[in-house]
Amino acid sequence: MTETALDLNVLQPLSRVLAAMELSGASLFETATPNAPAVIPDSTPLDWYQGRCPTTGKWVRLPRTSLVEAIARHVLSDIQHSTQTVALSNGKMIGILLVEDAAGDRSILKAFSGLWHGQETVDGWVPPIPGRDRTAVEEARILTLLDSIKCELLTLQTIPERQLLKQKSDQFATQIQALRAQHTQQKQQRQQQRQQILATQTRSALTAALDTLTRQSQHEGIAHRTLKRERDAVLHPLRAIVAAADERMLALKRRRRELSRHLQTQMHAHYRLTNFAGESRTLEQLVQGGLPTGTGDCCAPKLLHYAATHGLTPLALAEIWWGAPSGDKQPGAFYPACAERCQPLIGFLLSGLQPAPSPITFPKPEAEQPLPLLYQDDWLIAVDKPAGLLSVPGRTSDRHDSVLSRLQLQVSEGDRLIPVHRLDQDTSGVLLLARDATTHRHLSQQFQ
């Protein structure tokens, strides 16, 4: 494996970080007596990053410990109190990796998911995985096209004919409803008049009176048809314009998907990850069938790739959410590798580390039984989720038991499963899991 020169600004010595934390009064440090030295908590795993090595088929793992969690909280606190940091409206994952070099010295690396206020490279943080720069020209071209499509879609969505069509439709609907109500009332009056005429009029007078009532009914029908023709004359041109705009929008959305997939394919073909066995592969080679947008920009892949290419041994990893809540993500909470983008890569990224004899499990109820599989093929699995069981692992080790974690042990290549949707813990029902990213994308679109 070819190692890259270390950026000492990115690699922060653990001793320096711990000293800063002690000065800041971080809760990591506890003392039995006022004059006793600070005690760092043990490194008992709280959770695991784990996957199967694609070469050996053996499980490899990396823990999340109380020490690396405390460091992550400290880094998050520094970010929040920095005068140069602007709060993110959408939130972001922050990753901390504890590493050890060949001399036994320990340091930390930190990374952010995606971009940091529009920047992919920030001083003091692990840089993005190499490859994006190779598609920079194509990316700029496609992003310009996507921006143009976005503007045209917005224009088509807000054409004045849409509002005018709704306004005129509502007006005619009100007029027709009022006319129908009037005609209904007049019809009832005519029925009463017919009964009176039949009871009181002679034959010749009876015929004339009934003819008059018939003509009134005919005139009302003519008035109703005239109003509908007037409505159609006004609305049809507007509907044609709106329909043409909608058709154009569908074409633009298809074009947008094509461009996005093209760019994603180009980037995945150039993003190259390296593991601790010295193997290097592109995202396209690692996961056949495509990956969600943003794969390779998450914290865990950035950190592990950097450590592998700089001769550093990872000891513990933690990812913490910063910013506003987003979906099930809450500020200051820790999360495992995301099922869609990171988890399919973990086995490869950790290859070369000491393999685990079996996937790490957590204590489960004695009565736990394998989950009933309702259906399975090469693309998906349908499972009968019982009430009281999580769909995916929770944030803490005592909430690791879930449909996903059980299936990872129950089904061959279960570590590649991706939940398509979720059911609440107390809800029972059918849960679908995809066997690859392409199937996950298609099923997700169908759910939407």
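The pLDDT is the predictor's confidence in each residue, from 0 to 100. This structure is a predicted model, in which local features need a pLDDT of at least 70 and side-chain atom pairs count only at pLDDT 80 or more, while totals for chains, interfaces and linings use all residues. Residues are numbered from 1 along each chain as its sequence is written, and side-chain values use heavy atoms, with hydrogens and water left out.

Across the protein chain the pLDDT averages 82, and 84% of the residues score at least 70. Two stretches call for some caution. Over residues 28-42 the pLDDT stays under 50, and the model gives this stretch 23 contacts (heavy atoms within 4.5 Å) beyond four places in sequence. Residues 361-367 also have a pLDDT below 50, with nine contacts in the model beyond near neighbours in sequence.

We can turn next to the sheet. Helices (H or I, at least four residues) and strands (E, at least two) are DSSP runs, numbered from the N terminus, and two strands pair if DSSP finds at least two bridges between them. Four strands make up an open sheet with the order β1-β5-β4-β8, and their pairing is antiparallel. Strands β1 (12-13) and β8 (313-322) stand at the edges with a single partner strand each, so one side of each has no neighbour in the sheet. Two bridges link β1 to β5 (residues 106-112) in the antiparallel sense, and within this pair Pro13 stands opposite Ser107 of β5.

Apart from neighbours within four places in sequence, Ser107 is in contact with Leu11, Gln12, Pro13, Leu14, Leu97, Leu98 and Val99.

Helix α2 (residues 66-81) lies across β4 (92-100), β5 and β8, and runs at about 45° to β8. Axes here are lines fitted to C-alpha atoms, for helices over the stretch in contact, and angles run from 0 to 180 degrees between N-to-C directions. Helix α2 also packs with helix α1 (residues 14-23), at an angle of about 65° and with the axes 11 Å apart.

What of the interior? A nonpolar core is a set of buried Ala, Val, Leu, Ile, Met, Phe, Trp, Tyr and Cys residues joined through side-chain atoms within 4.5 Å. The largest such core has 51 residues, and those with the most contacts inside it are Leu97, Leu109, Leu273, Leu303 and Leu304. Helix α7 (residues 299-309) supplies the largest share of this core, seven residues. A second, separate core holds 24 residues, including Met21, Val68, Ala72 and Ile79. In soluble globular proteins, nonpolar side chains tend to be buried together.

Leu109 touches, among others beyond four places in sequence, Val10, Leu11, Ile96, Leu97, Val126, Leu303, Tyr306 and Leu312. Helix α7 has 11 of its 11 residues buried, so the rest of the structure largely encloses it. Those buried residues include Lys302, His305 and Thr309, along with Leu303 and Leu304. They pack against β3 (59-65), β4, β5, β6 (272-274), β8 and α8 (343-349). Just after α7, Gly311 adopts a positive phi of about 65°.

Strand β9 (residues 373-376) runs antiparallel to β10, joined by three bridges, and the two form a hairpin with three residues between them.

Methods
Buried means under 20% relative accessible area, exposed over 50%, partly exposed in between (1.4 Å probe, protein chains only).
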